[in-house]
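Biologist: I'm new to this model and would like to learn how to read its pockets and the space around its ligand. Could you walk me through it?

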Amino acid sequence: SKPQDADSSIRLTDNDAALARLSAVQKGYLSDPFIRSLVPRAHLQPSRPPLINVGTFVRTVAIDDLVEQWLSISSETGTKCQIVSLGAGSDTRFWRIATGPLKDQLAAYVEIDFPEVTTKKAMAIKKSKDLTAIFGDSNQIKLAQGGVCLHAPNYHLLGADLRKSPSETLGSLISPESGSLLDPSLPTLLLCECVLVYMSLAESSAILQWFGTYFKESVLGCVVYEMFGLDDAFGRVMVNNLKSRNVTLPGAEHSPDASVLPKRFLDLGFTTSRALTLREIRRAYVDPKELERISGLEMLDEVEELELVLQHYAIISSLTVPNREDSRLWTR
Ligand code: SAM
């Protein structure tokens, strides 16, 4: 096979994420009617081991819950809100929200990824009746920049390398000349699901700061899902595994202690931040009935190994709250 440049190796991590989600859906852990439209030859894809399925389940349920809280609070306060997903890959969350009970809360959903990834996703969306149905009339869906970007009434898919200067990439993508896709006065949630680790801390900080400045008058939320604590035996296996596929993790936090993770976000100007590992989330936050249900789906012998893996992933939820009354968010 031809040697791959580092960026194409990073882009390939989206396949892992998509196949993990597909596997969890096909085994009954999660429900996602849209994933098959975004994964080529979905019916032929192999399923992942039970341990990976449980991890995918915990991660998805936890992020779904944070997003749902975000949308519900805006429904209570009577404002619409926006969601920006960085490194969205073949995520289906927009379609799950847009067909769910809180769909009217969404003013705009913006996804950003490398142009190669968004071009493929834009084509898959155009081709899929299931994905285009929610936009009603197909004339509402427009490709832009030679098929790299796609615009629909409240959904925008944009191609950019997030390591470049945010004022250049993000600034031009959402500027008035390109249609002011994001309203700086609306509460806005940034989703960074397994993406910031692939860039340097300086590069990802620049992005978070850019959003902090752009949304300085409104509530900015940020949900980051990431691996951390990579200096132990398990971490080294994971890092070497990725290295053999030409992927490095310049943005990974090495401390094994999740309680250090919020510091970075507080330093960047967020007013509150907290981190939970997937292990803590599984133990204390996932509905016990759901845990009971998924325990019947597949045989999982390695509970200790599961906990060790879940211990290496964290969800960090941070907020800037210019106005204290919104700080009810994410206290559960
Ligand atoms: N967020 C999705 C999920 O959780 O299913 C995909 C996660 S995948 C592990 C990482 C994604 O981040 C890939 O789609 C990759 O192309 C994207 N990504 C990584 N570095 C990026 C960069 N510098 N600019 C744009 N996208 C990037």
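**Reading the spaces**

Modeller: Helix 1 gives the largest share of the lining of the largest pocket, 9 residues. Helices (H or I, at least four residues) and strands (E, at least two) are DSSP runs, numbered from the N terminus. This is a predicted model, where local features need pLDDT of at least 70 and side-chain atom pairs pLDDT 80 or more, while totals for chains, interfaces and linings use all residues. Residues are numbered from 1 along each chain as its sequence is written, and side-chain values use heavy atoms, without hydrogens and water.

Biologist: How much space lies in the largest pocket, and which residues are closest to its centre?

Modeller: Rolling a probe the size of a water molecule over the atoms shows where empty space is left. On a 1 Å grid over the protein atoms alone, a cavity is a set of points where a 1.4 Å probe fits but cannot get out; a pocket is an open set with protein on both sides within 12 Å along at least five of seven lines, and lining residues have an atom within 4 Å of a point. Volume is the space filled by probe spheres on the points, joined across faces, edges and corners. Here the largest pocket holds about 1,200 Å³. It is lined by 48 residues, with T13, D16, C194, Y198 and Y313 closest to its centre. Elements supplying at least two lining residues each include helix 3 (50-77), strand 6 (188-193) and helix 13 (303-310).

Biologist: How do the lining residues of the largest pocket divide?

Modeller: Ala, Val, Leu, Ile, Met, Phe, Trp, Tyr, Cys and Pro count as nonpolar, Asp, Glu, Lys and Arg as charged, and the others, Gly among them, as polar. For the largest pocket that gives 28 nonpolar, 7 polar and 13 charged residues.

Biologist: Which residues are closest to the ligand?

Modeller: Residues near a molecule have a heavy atom within 4 Å of it. The ligand is surrounded by 21 residues, and R21, R59, G87, D113 and L162 are the closest. Helix 1 (residues 6-26) provides the largest share of this shell, 6 residues. The shell is made up of 10 nonpolar, 3 polar and 8 charged residues.

Biologist: Which polar atoms lie by the oxygen and nitrogen atoms of the ligand?

Modeller: Look for pairs of N or O atoms within 3.5 Å. A polar side-chain atom of R59 is 2.7 Å from a ligand oxygen, and one of D161 is 3.0 Å from a ligand nitrogen. For F114, a polar backbone atom lies 3.4 Å from a nitrogen atom of the ligand.

Biologist: What about the second largest pocket: what is its volume?

Modeller: The second largest pocket has about 700 Å³. Its lining has 25 residues, with D14, N15, L38, P40 and K120 nearest the centre. Helix 1, helix 2 (35-38) and helix 5 (115-127) each give two or more residues to that lining. By class, the lining holds 9 nonpolar, 8 polar and 8 charged residues.

Biologist: And how many cavities of 30 Å³ or more does the structure hold?

Modeller: There is 1 cavity of 30 Å³ or more. The largest cavity contains about 30 Å³ of space, and A17, R21, T56, R59 and T60 line it. Helix 1 and helix 3 each give two or more of those residues, with helix 3 giving the most, 3 residues.

Technical notes: A polar contact is a pair of N or O atoms within 3.5 Å; within protein, one must be able to donate a hydrogen and the other to accept it, and residues adjacent in sequence count only if both atoms are side-chain atoms.
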